[in-house]
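The sequence and structure come next.

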Amino acid sequence: MANRGGFSSRLGFIMAAAGSAVGLGNIWGFPYEVGQGGGAAFVVMYLIFCFVLCYPVMVTEIAIGRKTQKNPVGAFNALGYKKWNFVGKMGIFSGFLILSFYNVIAGWAFGYVYEMAIGNFDIATHFSEFTQDVFKVGAYGMVFMATTAYVVSKGISGGIEKAAKFLMPSLLIMILLIVGYALTLPNAMDGLRFYLVPDFSEINTQVVINALGQAFFSLSLGMGALITYGSYVNKKENIVSAAAFITLADVGIAVLAGMMIFPLIGFMSGGAMDNVGSGPGLIFETLPEIFGTIGGTFGAVAGTLFFVLLCFAALTSTVSLLEVPVAYVVDEKNVRRSRAVWLVAGAIFLIGIPSLLGNGYSEFFSKFITYPGSETATDFLSFIANVANDTLLPLGGCLIVFFAAHVWKKHNLDEELSHGAPNYKGSFLQKYLNFAVGYLAPAVLGFIFVITVLKTYFGISIF
Ligand code: TRP
């Protein structure tokens, strides 16, 4: 087999994995989920899921990847459990679905670069017209997918690493500056209160489902993306500490994105926080406002820069989403990398077309499905996001940890984790991970998966 390539440095892996995690999920998805369900109570659930359940899943994925040096399907085969490779196949399928809608949102963000550059801050109030102009936003999406394909075709160290290393820190600085500015605006504190002071009576089954789905999506877990990235990692890497850094970085950026959006909503609404649930359009309808209040050339420059960086954050995520099926086709089907990349990217773009049309342009895809027990219809993009993020990813995560602890066996996992982490064996963290990977995560994730399926697709609530 040809040399698969690898990360050229320790920092390269961490930055690429953090780049995969940090993306539209943090800046677009997180604030909108907080707005729709529960405010600060959602934030608390999300944080618990990230640290208690998702972190162990992340460690496990990276360890399986490094041990086998394979894509998610090949990894199960390489460990000698071919029967389990359906988990990898399911992951690749989830990746297809996620990238298909993700690319649509990335296309919007890309379009906003131009809108900000020409100082069109009014776009905030014309967002639905913008998304209905499907030929324009479709073209933006196509350029975005082609860029992703180009980066992936250049291979792991050439493309992904270089971009991630310098763009992630730039995005962080930009967000911090905007947070600082947003907090000085009138009524910012009302927004902040909604975001940070929990009202636990807001927690219900739907909030739990959404918070778990958001945690998996944001951390890029449950579909083998980190098995694939782990497969390029060297034995000297300390997986447990790298995963801790990636989790903290991802959660940190999401929390900061909220600090940017909610004060701004407080400002725009004069302190009324009853209109935050506007859905997937949330950041596109609020952020231009902040650049508008800065105003003039400076506002346009800041807005342009922000959306450029957001596009790069999205790009390091789309790259990881495309990398998974590509690694699969290259390793298992012996297709040349450059050809595999363009074929897969083209197919995913086509699968994304209904998500593109379902934002007002096509009545059919905009009101695609009405879930049992719900009065309102769900658009195609949100439907795919429900299937992939809230259902398939937690199921994938559940199966991966169950497999690692009970089929592949814990001592093998521990052995892999102790490469590069001399103090791991015997530590408290080892005990916790053994418990979490072996019992806590499979049980809780399995349970929430069942609840999700019953509630979402059958309209049956057991709580
Ligand atoms: N985590 C990314 C985000 O928050 C999206 C993403 C990239 C992803 N790769 C993934 C989600 C793999 C699930 C699985 O924007």
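How far is an oxygen atom of the ligand from a polar backbone atom of Ala21? The distance between the ligand oxygen and the Ala21 backbone atom is 2.9 Å. The model is predicted, with local features needing pLDDT of at least 70 and side-chain atom pairs pLDDT 80 or more, while totals for chains, interfaces and linings use all residues. Residues are numbered from 1 along each chain as its sequence is written, and side-chain values use heavy atoms, without hydrogens and water.

| Residue | Protein atom | Ligand atom | Distance |
|---|---|---|---|
| Ala21 | polar backbone atom | oxygen | 2.9 Å |
| Gly25 | backbone N or O | oxygen | 2.8 Å |
| Ser320 | polar side-chain atom | nitrogen | 3.0 Å |

The protein covers 100% of the 360 Å² of accessible area that the ligand has on its own (Shrake-Rupley method, 1.4 Å probe).

Around the ligand are 17 residues, each with a heavy atom within 4 Å of it. Tyr102 and Phe217 are among the closest. By class, the shell holds 9 nonpolar residues, 8 polar and no charged; Gly counts as polar and Tyr as nonpolar here. Helices that each supply at least two shell residues are α1 (10-21), α2 (24-36), α5 (85-117), α10 (205-218) and α14 (296-333).

The chain as a whole has 19 helices and 0 strands, taken as DSSP runs of at least four residues (H or I) and at least two (E) respectively. Its C-alpha atoms fill a box of roughly 60 × 50 × 45 Å along the principal axes.

Conventions
A polar contact is a pair of N or O atoms within 3.5 Å; within protein, one must be able to donate a hydrogen and the other to accept it, and residues adjacent in sequence count only if both atoms are side-chain atoms.
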